[in-house]
Each structure stands twice: as structure tokens, then as C-alpha cells.
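Please look at the structure below before reading on. Some questions and answers about it come after.

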Amino acid sequence: MGLSNRIDRRVATAQIGLGLLGSLIARTQAQSDGAWKIENIAGTGIAGSQGDRGPALMAQLDNPFGVVRGPDGDIWFCEYTGQRVRKIRADGTVETIVGTGQKGYTGDRSAARQATMNLPHEIRFDSAGDLYIVDMQNHAIRKVELATMQITTIAGTGNPGYSGDGRPAIEAQFKQPHSIQFGPEGDLYVCDIGNHVIRRIDSKTQIISTYAGTGLPGPTPDGAPLAATPLKGPRTIDFDSHGDLWLATREGNQVFRIDRKQGRYHHIAGTGQNGLEGDGGPAKLAKLNGPKGIALDNQGGVWLADTENHCVRRIDSDTGRIERIAGTGIQGDGPVGDPLKCRLARLHGIYVDRDGSILIADSQAHRIRRLYREK
């Protein structure tokens, strides 16, 4: 080997070492921050529809589910039984953006504020900044073009079923779709939970296909291929920085990482039995209870809304350990401050914000909360 090649290899090795060291330092700094705290940022704790254009903390919310930071910098959320999408503006006020508050399926190709929905379950934004809504009981995915504020259905016929693969998504049937997320290539992935599958809508052609699951519930063995392997209630999804898909199963009470290159499942958390056990130990040996929200941070953390346990749990993807960050395990409402003393109530939405804090849609407490590190 020539001198130049040996030097190149040493430089490359040094660069890798520095990269790993930098990652370790960043993670250590993050872990050495102050204790976690929890605060309320919207909602009085009373279900209702009052409060638009006033302070978010004085507004009534009605079962908030999905919550995200929008491209405009505001915090957006959907209300499952409120039949609306609202947002918290930078000035701390709340405003309804989509929906009349009435249950129905109307408004396509007209103003989103005048549309009706039927149990909106989750919201996401695409790369163009447009809003997508899982209109669960209408068995459809709807889109709001923010430039015009018009709403349209982009997937689903409105009738429950399992059909349409290989055809335009607008001709497909879902059965109570729950969670959606955009993949690295811009394709839209849908947790079609009533059919026990994950479906994918191609961003260029709008053709829909089944990505994972067989259509029937069943066990998902560790290392199993995507093809011909069943899922048990695929409920919520997110993507990591490597492009892999992470999935929490509601009835399965487990978490999986899908290696998209190899097309295989990797079991990450949950024994499959429901319960609240295992904090501080291996996530694979822990018990979950109907997890309904998942979000990934940039430090190797996998955040779970462990809904029926009324708590937030975090899995360290490097160590494989799980811990409870918020909630007592008993349903309730607060108090704020110490998150391990704060009772939560069937939380659904969970989102890692740009500053590393965690937004929580605490559904039956009718509040939006924020977990943050005390400096």
C-alpha cells in the first residue's frame, strides 16, 4: 500500500472517530440537561369549543388527538370529537382552521372552514406545506391546500372496505385509517388499522398499494420479511433519519423497526401482553398497553404515547432500554411540574418539536401539554 493510501485511510478513520465522538458528546450533553418538566400550553381541561382567537390556555378543546408543528411555525392539532383542526399561534391564541364542529362528510372543493368531518384522527404536512387529515370514520384521507384553504379527498371512497391496490388512491377503500406519515421519498404511508395493513400512496402517480401486512391480524416475528407477515393493529408510524419506518401496534402492544432496504421487521419493544411493566430494563421485555402515538427524536430516542397506561415512555434505540418520562399510570389531569407526578388521560398524539421538547395531545384531559428539559 502506498503512503498516500495509508494517509487517506488514517484520515478517514480519524474522521469517523471524530464523528462518533461528536455524536457521543451531543448525546451526553442532551442527557446532562436538567430534569424533565411538564406544562400546559392549551386547554382548560373542560371539553368544548369555546375560545377561538383568545388565549389557548383559556380555550376549551374537545379530545385532541394528532399534534404537529406546522410549516408556519404554529402548533396544529385535530380534535377527534370536536370534528375540527385548530392551531396555536405564536402569540399564544388558538384558532379553528378546518371544520364546522359538526359530524359529517361535506365540503370537498370548497372552504375547509366550512367542511364537516367524522372523527379526524391525525394530521401531517407534506413538503409543500399542505395539510393532510385522516378522516377516520369517513374512511378517507383529506388534503387542505393552504394557499387556497380548500379541502379535497385524496384517498378513500368514503365506504369501508379493503380494495383499490394498483389503482388511484381516490378509488381505494380503507377501514378506519388511523395514522399517516410521509416517507423520505414523499410517499404517504397510511395505517389502515381495520384491515391490519400499512398502505402506501405513491407521491408521483397517486397509485395505492399495500406496503405491509396481510389483511388479517397475527403475530409479527422478529426478523420476519414484510411479505406474507401479518400485523396486529398497525396504529402509528414515523420515520428515522436512516429512512427506516417505526411502527407501534395497538392490539399487538409492540414496537417494530422496519428495515426498508432489507424489507424485514425488527422487534424493538413489548412482549405482546398488555400491562405497565419493565421501566428501566430492556424494552423487549416491557409491557405496553395500547400504544397510539410514536415519534423519534434526533438522539436515538423513540417516544411512545402509551395510551391505556396514561403515560409517555421513551426507548433508547442504542441501549434498548425503556423508561417512563411522564404520567403516573393512573388516568387524571395533572398537576404540571414534575411529569412523573402528572396524571394523563388517554393521550394520543406525541410529537418531537424542533427544540427537542415533546408535544402531547392529552386527549381526555382536553389539553395540549409540553415536556421540556429544565435548563
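Predicted model: local features only at pLDDT ≥ 70, side-chain atom pairs only at ≥ 80, totals over all residues.

Residues are numbered from 1 along each chain as its sequence is written, and side-chain values use heavy atoms, with hydrogens and water left out.

Q: How many strands does the chain have?
A: Helices (H or I, at least four residues) and strands (E, at least two) are DSSP runs, numbered from the N terminus. By that count the chain has 1 helix, and its strands number 25.

Q: What is the radius of gyration of the chain, and what would a compact globule have?
A: The radius is taken over C-alpha atoms, and the globule rule is 2.2 Å times the number of residues to the power 0.38. The C-alpha atoms fill a box of roughly 70 × 50 × 45 Å along the principal axes. For 375 residues the rule gives a value near 21 Å, and the chain agrees with it at 21 Å.

Q: What percentage of the residues of the chain count as buried?
A: Buried means under 20% relative accessible area, exposed over 50%, and partly exposed in between (1.4 Å probe, protein chains only). Among the 375 residues of the chain, the buried share is 54%.

Q: In β9, which residue is the bridge partner of Asp-135?
A: Strand β8 (residues 131-135) and strand β9 (residues 140-145) run antiparallel and are joined by 5 bridges. In β9, the partner of Asp-135 is Ala-140.

Q: Why is strand β17 largely enclosed by the rest of the structure?
A: Strand β17 covers residues 254-259. It is largely enclosed because its buried residues number 5 of the 6.

Q: Which residue in β18 stands opposite Phe-256?
A: Phe-256 of β17 is the bridge partner of Leu-247, and β16 (residues 245-249) is joined to β17 by 5 antiparallel bridges. On β17 there are also 5 bridges to β18 (residues 264-269), again antiparallel. In β18, the residue opposite Phe-256 is His-267.

Q: Which residue in the turn between β17 and β18 has a positive phi?
A: The hairpin of β16 and β17 has 4 residues between its strands, and Asn-253 in that turn has a positive phi of about 55 degrees. The hairpin of β17 and β18 also has 4 residues between its strands. There the positive phi, about 65 degrees, belongs to Gly-263.

Q: Is Arg-343 buried, partly exposed or exposed?
A: Arg-343 lies in the loop between β22 (322-326) and β23 (349-352). Contact means heavy atoms within 4.5 Å; leaving out residues up to four places away in sequence, Arg-343 touches residues including Thr-328, Asp-333 and Asp-362. Its relative accessibility is 36%, so Arg-343 counts as partly exposed.

Technical notes. Pairing = 2+ DSSP bridges.
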